[in-house]
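Subject: Handover of a structure and what was found in it

Dear colleague,

Please find below the structure that I am handing over to you.

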Amino acid sequence: MGLSTSSVITLHVNGEKHTLPVDHRTTLLDALRERLDLTGTKKGCDQGQCGACTVLVDGRRTVACLQFAVAAEGREITTIEGMATGGRLHPVQQAFLDLDGYQCGYCTPGQICSAIGMLAEHAAGWPSAASEDVRPAAGPAPLTPEEIRERMSGNLCRCSAYPSIVEAVARAADADDASSAADTSAQSGEAAA
Amino acid sequence: MKEFDYRKAPDVSGAVALLDADPDARYLAGGTNLVDLMKSGVERPARLVDVRQLPLDRIESTPDGGLRIGATVTNSDLAAHPGIRGRYPVLTQAVLAGASGQLRNMATVGGNLLQRTRCAYFTDTTKPCNKRDPGSGCPALGGEHHNHAILGASESCVAVHPSDMAVALAALDAVVHYETADGRGELPLDQLYPPVAGTPDRETALPAGALITGVSLPPLPVAARSRYRKVRERASYAFAIGSVAAALDIRDGIVRDARLAFGAVASRPWRARTAEQALIGAPATAETYAAAAEAELEAARPLPHNGYKVPLMRNLTVAVLSELDEEAAR
């Protein structure tokens, strides 16, 4: 069987289809930034440790640096550029603006994408390592600051703007509660369960 | 990174056939470890066989009353599953103690079991490492080893297995199911990782080319009261320096049944059978828990910079068992 080191793929990003040839070594992060000019997704560590490249794949938060673009073919990818609707910021974006949930801003797109994914996970009833009791009978864990910190621990902020980030996420959770969180959904997870 | 061919596996037998035909191929699932190792040059596959879309993403009841977890179930889905949370809470807690929300959404159960050590000498291709390059030596023995093994290590390798999930699975008597070109097989999780001895490069007992297809859990009433506790150098999103998975059944003040496994102390999840034997039938007291932990840790052979792990594991074991004891009393 012959070896081929590149493919022509179609990526679905923010509701649009993009067909492009890629070397198989191209990560989803590099494809978004260098090939599709979607530079909102940031490259921090490039090894899955900082969360700056967080994007939603099929509605779930993931890091784009540890996925090959060729393996993301056919999946629905949502980047920070796709979060606003009709010129209206996503409630999480608005909360970060209102509460200064950043300093330099480099980690912010990843923080916001992660928070949107996280709120959907929480709305779906997922426990976290901060949850007192993970058993279903205990009911869903309230989204306390401690829960937010634990659930957002995959996003580092070198400026250490964490206090405002936690406030912004809490504000967005209150404003937004079930509605938009349910949209971005951990639905596929429910199906798999 | 070395160039590579990429194939989406059409089905399990197709995936296995692709690997069987090519010793330089690797399975790709969540990629959270493999992609990173390809970037650093530790892994240099000529072909990736993508197995993530295979229909192995269900958690189903088994005829014996247990659960079978498909190999491509993500860590997130495993941790969130009501049956796991209710009947095997230690497993949900272990999975949630590992990595970050993003990585748990990507990582799979099969991949988690096969992830590689985070020993810094293993991941640095400019350094010798008997696991990566057999016979080249182990710089960790005389170097940076504050988070290395205290149990079951050898002169060849003192690296620890990084998985939290596998520690809970070891305590729960899980069985790993796999497939090769020759057919299906299974291995108790306890036998998945062979002793290090002189062959640290041989990390699993799986036959060459095997694809893990699932993990089954027996019905295990003792697991209803179980928990996982992990100690690490920061509050979240870090590998363990020590962890304990435990399940305890206490009746009339006596330990009737117990399951205990340690993490971050050996090249594999360490099922603490010596401690279990000391627990079962003994009075449910802090003295019993301490004596059991000490019996297990008699085999510990710490290195100059990781001796702290011995009292850490002793105290952690006593703490977790005492918590389960209190939970039983409520």
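Domain bounds here come from an automatic or database domain assignment. For chain B, that assignment gives domain 1 (5-50) and domain 2 (222-329). The centres of domain 1 of chain B and domain 2 of chain B, taken over C-alpha atoms, are separated by 37 Å.

This is a predicted model, in which local features need pLDDT of at least 70, side-chain atom pairs count only at pLDDT 80 or more, and totals for chains, interfaces and linings use all residues. Residues are numbered from 1 along each chain as its sequence is written, while chains are lettered from A and ligands numbered from 1 in the order in which they are written.

The two domains of chain A

In chain A, the assignment gives domain 1 (6-82) and domain 2 (91-187). Their centres, taken over C-alpha atoms, lie 22 Å apart. Two residues are in contact if their C-beta atoms, placed from the backbone, lie within 7 Å. The contact between the domains takes 15 residues from domain 1 of chain A and 18 residues from domain 2 of chain A. On the side of domain 1 of chain A that touches domain 2 of chain A, strand 3 of chain A gives the most, with three residues. By class, that side has six nonpolar, six polar and three charged residues. For these classes, Ala, Val, Leu, Ile, Met, Phe, Trp, Tyr, Cys and Pro count as nonpolar, Asp, Glu, Lys and Arg as charged, and the others, Gly among them, as polar.

The sheet of chain A

Helices (H or I, at least four residues) and strands (E, at least two) are DSSP runs, numbered from the N terminus. Two strands pair if DSSP finds at least two bridges between them. In chain A, five strands form an open sheet in the order 2-1-5-3-4, with mixed pairing. Its edge strands are strand 2 (16-23) and strand 4 (60-63) of chain A, each of which pairs on one side only. From one strand to the next, the twist averages 40°; axes are lines fitted to C-alpha atoms, for helices over the stretch in contact, and angles run from 0 to 180 degrees between N-to-C directions. Helix 3 (residues 108-123) of chain A packs on this sheet and touches strand 3 (54-57) and strand 4 of chain A. Within the sheet, strand 1 (residues 6-13) and strand 5 (residues 76-78) of chain A pair in the parallel sense over two bridges, and Val13(A) stands opposite Ile77(A) in strand 5 of chain A.

The sheet of chain B

Three strands of chain B form an open sheet in the order 1-3-2, with parallel pairing. Strand 1 and strand 2 (25-28) of chain B stand at the edges with a single partner strand each, so one side of each is left without a neighbour in the sheet. The twist of this sheet averages 25° from one strand to the next. Strand 2 and strand 3 of chain B run parallel and are joined by four bridges; Ala25(B) has Arg47(B) in strand 3 of chain B as its bridge partner.

Two hairpins in chain B

Strand 10 (residues 242-251) and strand 11 of chain B pair in the antiparallel sense over nine bridges. They form a hairpin with two residues between them, and Asp252(B) in the turn has a positive phi of about 50°. Strand 11 of chain B also pairs with strand 12 (residues 270-271) of chain B, in the antiparallel sense over two bridges. There, Phe262(B) stands opposite Trp270(B) in strand 12 of chain B.

How enclosed is strand 11 (residues 254-263) of chain B by the rest of the structure? Seven of its 10 residues are buried, so strand 11 of chain B is largely enclosed. A residue is buried if 20 or more other C-beta atoms lie within 10 Å of its own, exposed if 12 or fewer, and partly exposed in between, with C-beta atoms placed from the backbone.

The contact between the chains

In all, 39 residues of chain B are in contact with 37 residues of chain A. Helix 6 of chain B gives the largest share of the side of chain B that touches chain A, five residues. The residues of that side divide into 17 nonpolar, 12 polar and 10 charged.

Yours sincerely
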